[in-house]
Amino acid sequence: MASIAKQPNPSIYNLQAVQTVLSGSAPLSPDLGRIIEGIYIRSGVSVKQGGGMTESTCSVTGFAPDDEDDGRSIGWLNPNRAARIERLDDRNFSGAAPAGATVGEIWVTGPNIMKWYYKNPKATREAIVVAGGIRWLRTGDIGYIDERGCIYIVDPLKNLIKVKGLQVAPAELEQYLLTNSDVADAAVIGAKMNGGEYPRAFVVRKTAAVTKEYLAQMIKSHFAPHKWLTGGVYFLDSIVRTRSGKVIRRESPVIETNLQSIRGRL
């Protein structure tokens, strides 16, 4: 979706016949969704999100074409599915959800859930949990459920950055950076500095007009202090992603903060 929003000549594409737009694989910010709607899609059609995994035989949640949503949720559960939010007592998710919402790992169940990982019992034991006589799949995603019953994903648990005990979702910062017209792509990781972990942004610029200082201030003006880019902003030629568009964070350059040098793939 980010690459679609950043196409240099969007007018050459005619998508006016499209009736439904559904985004998956990674969280999509409402702001980026609205940009896509404004560029490509006819009035009355909105960008919505859905949720699923290979382990759940693809789809778990979604919307009907005429359902209304502000673009943040991944929708209601599909028929014959159930979900629960499992609290993580060692994590502080303050500010990640509306007041009163329970935030934790999303577990799902239903007839579509896989039996096991082929010849990998250890991975199966880690992913499949039996609780209350029900066989649940641990999705690895942190999220919550609103009063409508719609599910929201904050970010995968493995991606969360722990800043002074608070959890920071890289996807939230990446999506906001991508709303800048001069930013072609962005990835945020946790940078280990001074005995702690802090958000660090890698950015691909469309033009040299955007500066590191401007992007850092952009985040400061919109987010709480623990989400600021204290780990710095660094410009790259490209961000390494999977074919489905997910950032491969382990391929991010290694920054030696004391030497201000970069090792890794640039």
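Trainee: Contact means heavy atoms within 4.5 Å; with that in mind, how many residues of domain 1 are in contact with residues of domain 2?

Mentor: Keeping in mind that this is a predicted model, nine residues of domain 1 are in contact with ten residues of domain 2.

Trainee: Where are domain 1 and domain 2 in the domain assignment?

Mentor: The assignment gives residues 76-159 as domain 1 and residues 161-251 as domain 2.

Trainee: Let's go inside the protein. How many residues are in the largest nonpolar core?

Mentor: The largest nonpolar core has 32 residues, and those with the most contacts inside it are I41, L173, L177, A201, V203, L215 and I219. At least two core residues come from each of α1 (2-5), α2 (30-40), β11 (161-163), α4 (170-177), β13 (183-193), β14 (196-205) and α5 (212-220).

Trainee: Which element gives the most to this core?

Mentor: That is strand β13, which gives five residues.

Trainee: Can we zoom in on one residue? What is L177 in contact with, leaving aside its neighbours in sequence?

Mentor: If we leave aside residues within four places in sequence, L177 is in contact with V183, A186, V188, A201, V203, L215, M218 and I219.

Trainee: Now the outside. Which residues form a nonpolar patch on the surface?

Mentor: I12, Y13 and L15 form one, and together they have about 300 Å² of accessible area. I12 is placed in the loop between α1 and β1 (21-23).

Trainee: Why does I12 count as exposed?

Mentor: The label exposed is used over 50% relative accessible area, and I12 counts as exposed because its relative accessibility is 61%.

Trainee: What about T20, where does that one lie?

Mentor: T20 also lies in the loop between α1 and β1, the loop that holds I12. Not counting residues up to four places away in sequence, T20 touches V45 and P65. The C-alpha atoms of T20 and I128 are separated by 33 Å, and these two residues are 108 residues apart along the chain.

Trainee: Switching to helices: which helix does T124 lie in, and is T124 buried or exposed?

Mentor: T124 lies in helix α3, residues 121-127, and T124 counts as buried because its relative accessibility is 13%, while the label buried applies under 20%. Apart from neighbours within four places in sequence, T124 is in contact with K115, W116 and Y117.

Trainee: How many salt bridges does a search of the whole structure find?

Mentor: The search finds eleven salt bridges. Another example is R84 with E86, where the closest N and O atoms are 2.8 Å apart; R84 is partly exposed at 28% relative accessible area, and E86 is partly exposed at 23%.

Trainee: Which residues are linked in a network of salt bridges?

Mentor: D69, D146 and R148 are linked in such a network. Within it, D146 forms a salt bridge with R148, their closest N and O atoms being 3.0 Å apart. D146 counts as buried at 15% relative accessibility, whereas R148 counts as partly exposed at 34%.

Trainee: Last topic, backbone angles. What is phi of S25 near?

Mentor: Phi of S25 is near 80 degrees, which is a positive value in a residue other than glycine. S25 is placed in the loop between β1 and α2, and S25 is partly exposed, with a relative accessible area of 39%.

Trainee: And what is phi of K119 near?

Mentor: Phi of K119 is near 55 degrees, again a positive value in a residue other than glycine. K119 is found in the loop between β7 (104-109) and α3, and K119 is exposed, with a relative accessible area of 69%.

Definitions and conventions
Residues are numbered from 1 along each chain as its sequence is written. This is a predicted model: local features need pLDDT of at least 70, side-chain atom pairs count only at pLDDT 80 or more; totals for chains, interfaces and linings use all residues. Side-chain values use heavy atoms; hydrogens and water are left out. A nonpolar core is a set of buried Ala, Val, Leu, Ile, Met, Phe, Trp, Tyr and Cys residues joined through side-chain atoms within 4.5 Å. Buried means under 20% relative accessible area, exposed over 50%, partly exposed in between (1.4 Å probe, protein chains only). Helices (H or I, at least four residues) and strands (E, at least two) are DSSP runs, numbered from the N terminus. Contact means heavy atoms within 4.5 Å. Patches are made of residues with over 30% relative accessible area and no salt bridge: like charges are joined within 9 Å, nonpolar side chains (Val, Leu, Ile, Met, Phe, Trp, Tyr) within 5 Å. Accessible areas come from the Shrake-Rupley method with a 1.4 Å probe; for residues, only the protein chains shown count as cover. A salt bridge is a side-chain nitrogen of Lys or Arg within 4 Å of a carboxyl oxygen of Asp or Glu. Domain bounds come from an automatic or database domain assignment.
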